[in-house]
Amino acid sequence: MINDQVIIEKKAQMHYEKYRKERQERLMKGRYRKIRSYFREKETVEDTHPFLSFVLKGDVHGSVEAILDVVNTYDSHDACRLDVIHSGVGNVTENDIELAETFDGIIYAFNVKVPPEMKKLADEKGIQIKHFNVIYHLVADMKTEISGRLPLVEEEDVLGEANVLQEFLIKDKKNKIPVAGCKCTKGILKKNSMCKVIRSDRVIYKGPISSLRHEKSDVESIKKDVECGLMLADTEVSFEPGDTIICYDPKSVSQETDWNPGF
């Protein structure tokens with residue numbers, strides 16, 4: 001009878017392990033990656049692609065699996081990889097901290113405690129441990145972490161616009177330099193600011209304005225409805241009547257992840 005019970009328990013354990021293995025394989029075929037070997041050698045080619053790697057510890061299997069199911073909806077790995085280093089049930093351990101350190105990750109602790117000695121070890125190694133008891137808040141933090149890893153994007157703060165009326169050529173020693181005789185139609189034009197020259201919906205120049213002249217005077221700016229002579233830093237660029245000159249200040253803007261987990 002005892003032997004029968006042992007056999008039953010062994011079979012039950014085998015079925016459970018098989019279920020866990022199959023589930024992990026299904027997750028790995030999904031939208032996030034789980035690192036198979038915690039002690040693999042680091043790649044010799046440096047990967048500069050943005051990534052968020054994390055260890056997940058939860059109070060019960062149901063919580064951990066629910067969070068992993070949400071992580072599985074992430075599909076923006078081209079912008080920033082989302083890597084699960086390790087997941088499990090129970091308090092944060094020394095092994096969790098070592099894994100996070102090895103793969104430059106953070107630790108999410110969901111409804112679990114961090115023993116004082118583990119908190120001290122994590123602080124010494126510079127590993128961040130984040131505590132949550134609501135899945136929504138944990139995922140929101142993941143989105144914030146991912147967004148913070150995305151590169152800045154360049155945007156243009158438009159200052160003004162001008163319409164080219166005709167081109168003038170002025171002599172500079174032996175060279176003839178093109179100057180745009182134009183009228184500011186919107187906002188303001190500024191000397192030394194960036195601009196782009198557009199012809200037939202095509203940008204033919206992108207760079208700084210080197211000179212602005214009103215009548216016979218050099219000026220720093222031109223207001224709306226005022227005509228001026230405009231010279232570019234690249235004197236090889238010529239102008240045609242009807243060209244549009246847009247003056248702008250470039251600025252770097254933070255991105256936000258497009259991950260929509262469904263809540």
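Figure 1. Look for Asp 104 in the loop between α3 and β4, where helices (H or I, at least four residues) and strands (E, at least two) are DSSP runs, numbered from the N terminus. The phi of Asp 104 is near 50 degrees, which is a positive value in a residue other than glycine. Residues are numbered from 1 along each chain as its sequence is written, and side-chain values use heavy atoms, with hydrogens and water left out. Because the model is predicted, local features need pLDDT of at least 70 and side-chain atom pairs count only at pLDDT 80 or more, while totals for chains, interfaces and linings use all residues.

**Figure 2. Asp 225, in the loop between β11 and β12.** β11 covers residues 221–223. Asp 225 is not a glycine, yet it has a positive phi of about 70 degrees. Asp 225 is exposed, with a relative accessible area of 52%.

**Figure 3. Helix α3 and its buried residues.** This helix spans residues 94–102, and Asp 96, Ile 97, Leu 99 and Ala 100 are buried in it. Seen down the axis of α3, these buried residues fall within an arc of 160 degrees, so they line one face of the helix; the arc is that of the directions from the helix axis to the C-beta atoms. Their cover includes β2, β3, β4 and α4 (116–125).

**Figure 4. Helix α4, with a buried side and exposed residues turned away from it.** Met 118, Leu 121 and Ala 122 are the buried residues of α4. They cover an arc of only 100 degrees around the axis, which puts them on the same side of α4. The face turned away from that side carries the exposed residues Pro 116, Lys 120 and Glu 124. Among the elements covering the buried residues of α4 are α3 and β5 (129–132). After α4 comes Gly 126, with a positive phi near 70 degrees.

**Figure 5. The largest nonpolar core, with 22 residues.** A nonpolar core is a set of buried Ala, Val, Leu, Ile, Met, Phe, Trp, Tyr and Cys residues joined through side-chain atoms within 4.5 Å. Phe 54, Leu 56, Leu 82, Tyr 108, Leu 138 and Trp 259 have the most contacts inside this core. At least two residues each come from β2 (51–58), α2 (61–71), β3 (81–89), β4 (106–110) and α5 (135–149). The largest share, 5 residues, is supplied by α2. Leaving aside neighbours within four places in sequence, Phe 54 is in contact (heavy atoms within 4.5 Å) with residues including Val 71, Leu 82, Tyr 108 and Met 142. Apart from this core lies another, of 21 residues, among them Val 197, Leu 230, Leu 232 and Ile 245.

**Figure 6. The second largest pocket, with about 200 Å³ of space.** On a 1 Å grid over the protein atoms alone, a pocket is an open set of points where a 1.4 Å probe fits, with protein on both sides within 12 Å along at least five of seven lines; lining residues have an atom within 4 Å of a point. Its lining includes Phe 168, Arg 213, Glu 227 and Met 231. β12 gives the most to this lining, with 5 residues.

Notes
Points joined across faces, edges and corners; volume = space filled by probe spheres on them. Buried < 20%, exposed > 50% of the residue type's maximum accessible area, 1.4 Å probe, protein only.
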